[in-house]
Amino acid sequence: MAAAAASHSLLCTSLPNSSVARSSSGSSLSRSHLARPSKSTLFFHGTSVVVSFLRPAPPRPRDNSDSGRTALLLATPKDHHPLALALDSVLLVCTSIALSVSLLAADVDPASAFVVTSPRKLQTDELATVRLFQENTPSVVYITNLAVKQDAFTLDVLEVPQGSGSGFVWDKEGHVVTNYHVIRGASDLKVTLADQSTYDAKVVGFDQDKDVAVLRVDAPKDKLRPIPIGVSADLLVGQKVYAIGNPFGLDHTLTTGVISGLRREISSAATGRPIQDVIQTDAAINPGNSGGPLLDSSGSLIGINTAIYSPSGASSGVGFSIPVDTVGGIVDQLVKFGKVTRPILGIKFAPDQSVEQLGVSGVLVLDAPANGPAGKAGLLPTKRDSYGRLILGDIITSVNGRKVTNGSDLYRILDQCNVGDTVTVEVLRGDHKEKIPVVLEPKPEES
């Protein structure tokens, strides 16, 4: 009824105050002088109602005798034509009913029904960013690392969270890709999908040297949306990138930036082995973003957010992502074999700074186990004589003719070799150089 009353007053107040006049003799003006109906449309929350209002017709010239003696027709409704009065009444009732029904159907407050709201206008680049986030968020997961600890007072064994990170769905089989340091030391792992459903995760395999790990969750396939895989070989400095992750436990956070540099090199947090061709970006990457995807403007995966350079531990605008071209080959091996087969020399070498202090260039062999490739080939480790004096071992100066000045150079050369390859290692032994053939062997399995 309130809506009907509101609509009634709306129609009445919309009538013109001097739409129809009478002459001094009391006879009504011709029909062309009567108000003409016009249509307006009210919109509220998806419902529209056409309301007819009376609009005055242009007045005809009148003689001077009528001046000052006109009266409002609305003030004397009894002089209306009966048909016109009936028509006005029907229109008024229909309008009131239409407004009342529309308010009830829309289930909105009567006052807000008359407020016309326009949709928020976004720029083209904003719409593209919103669409990218909405389309790729279902592919990003939240990973919780649980560890078993014993209570110091009750001696009860408890499983408590020791860290968290991000990851993304790789395929419909339930494989999830993340960083190795996100799952390191975990006794149990939980993966939370975009719909907040949580599943236990099993470790399929990991590669410590490249900081990549693959998990598997037993989730329905309709809940798994694999992320689109892109290419990182043709990236350019300056192009836009987008990072989605769970920084500080805040799930599904989007940050944007550009590619600040290419072909950077960082060291693996687990083994210290260098990771080449890393992408540098100024998109904010914070603790919890590790393992999340770095996307290009088309929404395709171009890298895994891995590390930041920051004295405080928070984002400083220098973040690093492992390129997808490197990740793809590692993930394929982990899914098929559960491990990455990477060749090794089987040595332990001294820090680069120690060798520089000796005034030589190369890799100083500290240990070469007899059952390893280098030990079998005859490389000599560093040792002490019977008097406790230090006797330096072989210093590797080149492999297959490629100069080796530090440990990173040696790793880069080995990454391009395969298990079973025979490489020629040139060493500085004492005051002379020797070339020793070494057969590369696979890296021992790690638990």
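1. How many of the six residues of E8 are buried? Five of them are, and strand E8 is thus mostly covered; buried means under 20% relative accessible area, exposed over 50%, and partly exposed in between, with a 1.4 Å probe and protein chains only. Helices (H or I, at least four residues) and strands (E, at least two) are DSSP runs, numbered from the N terminus.

2. On the basis of the model: this is a predicted structure, in which local features need pLDDT of at least 70 and side-chain atom pairs count only at pLDDT 80 or more, while totals for chains, interfaces and linings use all residues. Residues are numbered from 1 along each chain as its sequence is written, and side-chain values use heavy atoms, with hydrogens and water left out.

3. On confidence: pLDDT is the predictor's confidence in each residue, from 0 to 100. The protein chain has a mean pLDDT of 76, with 71% of its residues at 70 or more. Helix H1 (residues 2–13) has the lowest confidence, a mean of 40, and strand E5 (residues 175–178) the highest, at 94. Two stretches should be noted. Residues 61–79 stay under 50 in pLDDT, and the model has 23 contacts for them beyond four places in sequence; contact means heavy atoms within 4.5 Å. Residues 109–118 also stay under 50, with nine contacts beyond four places in sequence.

4. On the pairing around E8: two strands pair if DSSP finds at least two bridges between them. E5 and E8 run antiparallel and are joined by four bridges; here Val176 stands opposite Leu215 in E8. E7 and E8 are likewise antiparallel, with six bridges, and Ala201 has Val217 of E8 as its bridge partner. The hairpin of E7 and E8 has four residues between the strands, and Asp211 takes a positive phi near 60° in this hairpin.

5. On the barrel: six strands close into a barrel with antiparallel pairing, in the order E9-E10-E11-E14-E13-E12. Neighbouring strands of this sheet are turned against each other by 50° on average, direction ignored. Axes are lines fitted to C-alpha atoms, for helices over the stretch in contact, and angles run from 0 to 180 degrees between N-to-C directions.

6. On the nonpolar cores: a nonpolar core is a set of buried Ala, Val, Leu, Ile, Met, Phe, Trp, Tyr and Cys residues joined through side-chain atoms within 4.5 Å. The largest has 24 residues, of which Phe168, Val177, Val212, Leu301, Val327 and Val331 touch the most other members. Two or more residues each come from E8, E9, E11, E13, E14 and H5, and H5 gives the most, with five. Among the residues that Phe168 touches are Val177, Ile227, Leu301 and Ile304. Another core, of 20 residues, lies apart from it and includes Ala374, Leu410, Cys417 and Ile436.

7. On the salt bridges: the whole structure holds 15, a salt bridge being a side-chain nitrogen of Lys or Arg within 4 Å of a carboxyl oxygen of Asp or Glu. Asp207 pairs with Arg342, with the closest N and O atoms 2.8 Å apart. The two partners lie 135 residues apart, Asp207 in E7 and Arg342 in the loop between H5 and E15. Both are buried, Asp207 at a relative accessible area of 4% and Arg342 at 9%. Arg273 and Asp209 form another salt bridge, at 3.4 Å between the closest N and O atoms; Arg273 is buried at 4%, and Asp209 is buried at 2%.

8. Because Glu265 lies in E10 and Arg412 in H8, the pair ties together parts 147 residues apart in sequence. Glu265 is partly exposed at 37%, as is Arg412 at 27%. Elsewhere, salt bridges that share partners join Asp207, Asp209, Lys210, Arg273, Arg342 and Asp415 into one network.
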